[in-house]
Every structure is written in structure tokens, then in C-alpha cells.
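Dear colleague,

Please find below the structure that I am handing over to you.

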Amino acid sequence: MSESVWSSRADELLLRTSSTEPTPGSGAAAAVAGAFGIALVLKALTITDDEGCAALRSRGEALVERVVAAADRDAEAFAAVIDARGSDGDVEAATVAAADVPLELAEALVAAIELAEASEPLVKRELVSDALAAGDLLRGAGSAALRAAALNVATLEEQGAAGAARLRQRLGALQAQLDR
């Protein structure tokens with residue numbers, strides 16, 4: 001992987017994402033969108049600063065750290081799959097990792113959706129739209145993360161990989177949580 005997605009300006013990140021380079025891809029893009037969703041919740045909680053906001057802010061700060069880290073981890077995992085394919089490496093292990101990263105991201109995003117929902121009734125009236133928009137961004141990011149994972153899970157299933165069933169079950173459970 002060349003550089004962190006977070007070291008790029010937004011316009012540079014857009015260009016990198018739309019280029020012929022293999023990374024960043026859908027998992028990293030999902031993480032970036034999710035991080036912005038959490039940031040909107042944190043903004044609303046920080047400005048409101050009423051009783052109950054501090055605990056939610058603390059949860060949000062921990063979640064944003066997980067989501068931010070997932071952007072680079074996803075790009076690294078995908079690059080590892082490409083490297084393994086090109087060097088007779090352990091493609092199955094690399095593909096498991098490439099499925100695992102967006103699943104972990106989706107888990108954090110589901111928790112962030114719950115955070116946005118819990119924040120909505122607490123924030124100032126003029127910030128409710130930020131909490132609601134955060135939920136929208138987080139749902140979209142969660143769906144994108146699951147889509148990124150699904151391709152790798154399907155590849156593992158086609159190969160008869162031992163961990164494929166566990167990953168498919170995890171994917172289904174996360175999809176059900178996003179659908180509620």
C-alpha cells in the first residue's frame with residue numbers, strides 16, 4: 001500500500017479511488033464515509049454538551065478510531081490478496097483477512113448507528129439533522145462494507161475454505177442488524 005487514505009486531501013483521495021490503482025476500494029471508501037458519519041454525531045454531541053452527551057461522545061470517539069483504522073487496514077488486506085496471487089502466497093489466508101476487515105468495520109458501523117440513534121433525542125433541535133444524516137451515512141457505509149466482504153466470502157466458499165461458513169454467518173448477522 002502506498003500511503004494512508006487519511007494523508008490525502010479529499011480531492012486527492014477521490015482521484016486515487018477513481019484511478020486504476022487497486023486501492024483504496026470499497027472497504028476503504030466505506031470506512032471514510034462511516035468516519036464522517038460518526039464525526040457528525042460527535043459534532044452534535046459536542047455542541048449540545050448536555051448531561052448524557054459525554055458518555056455518548058466517549059463511545060463515539062472510540063468508534064471513530066476503529067473506523068479510521070479500518071480504512072488503511074482494508075487497503076492493506078486487499079493489497080495482500082493481490083500480492084499472494086502474484087507470488088504463490090497463501091491466497092486463502094489473505095482472502096480471509098480481506099473479508100474480516102470489512103466485517104469488523106461493519107460491526108463498528110452498526111454500533112455507530114446505535115450511537116446516532118441514541119444521540120438524536122439528546123442533541124439540540126438544530127443539530128438533529130446532523131444526527132439523522134449520520135445514521136444515513138453510517139447505514140450506507142455499513143452496506144458498502146458488507147458488499148466488500150461478500151465478494152471475499154463468496155470466493156472462499158467457491159474454494160471450499162474452512163472458515164467460509166463462519167464468515168458467511170457473520171455477514172448474514174450483520175446484514176440483519178443493518179436491515180432493522
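**Findings: pocket, helix pair and cavity**

The lining of the largest pocket consists of 8 nonpolar, 5 polar and 1 charged residues. Here Ala, Val, Leu, Ile, Met, Phe, Trp, Tyr, Cys and Pro count as nonpolar, Asp, Glu, Lys and Arg as charged, and the others, Gly among them, as polar.

The model is predicted, with local features requiring pLDDT of at least 70 and side-chain atom pairs counted only at pLDDT 80 or more, whereas totals for chains, interfaces and linings use all residues. Residues are numbered from 1 along each chain as its sequence is written, and side-chain values use heavy atoms, with hydrogens and water left out.

The largest pocket holds about 220 Å³ of space. Of its 14 lining residues, S26, D74, F78, A148 and N152 are the closest to its centre. At least two lining residues come from each of helix 2 (26-48), helix 3 (53-86), helix 4 (91-119) and helix 5 (128-158), and helix 3 supplies the largest share, 4 residues. Helices are DSSP runs (H or I, at least four residues), numbered from the N terminus. On a 1 Å grid over the protein atoms alone, a pocket is an open set of points with protein on both sides within 12 Å along at least five of seven lines, a cavity is a set where a 1.4 Å probe fits but cannot get out, and lining residues have an atom within 4 Å of a point. Points are joined across faces, edges and corners, and a volume is the space filled by probe spheres set on them.

Helix 2 and helix 4 pack at about 25 degrees with their axes 10 Å apart; the axes are lines fitted to C-alpha atoms over the stretch in contact, and angles run from 0 to 180 degrees between N-to-C directions. The two helices are therefore roughly parallel to each other (angles under 35 degrees). Their contact (heavy atoms within 4.5 Å) involves G27, A30, A31, G34, I38, V41 and L45 of helix 2 and L105, L109, A112, L115, A116 and S119 of helix 4. These residues divide into 10 nonpolar, 3 polar and no charged.

The whole structure contains 1 cavity of 30 Å³ or more. The lining of the largest cavity comprises 3 nonpolar, 1 polar and 3 charged residues.

Yours sincerely

Note on methods
Angles under 35 degrees count as roughly parallel, over 145 as roughly antiparallel, 65 to 115 as roughly perpendicular and the rest as oblique.
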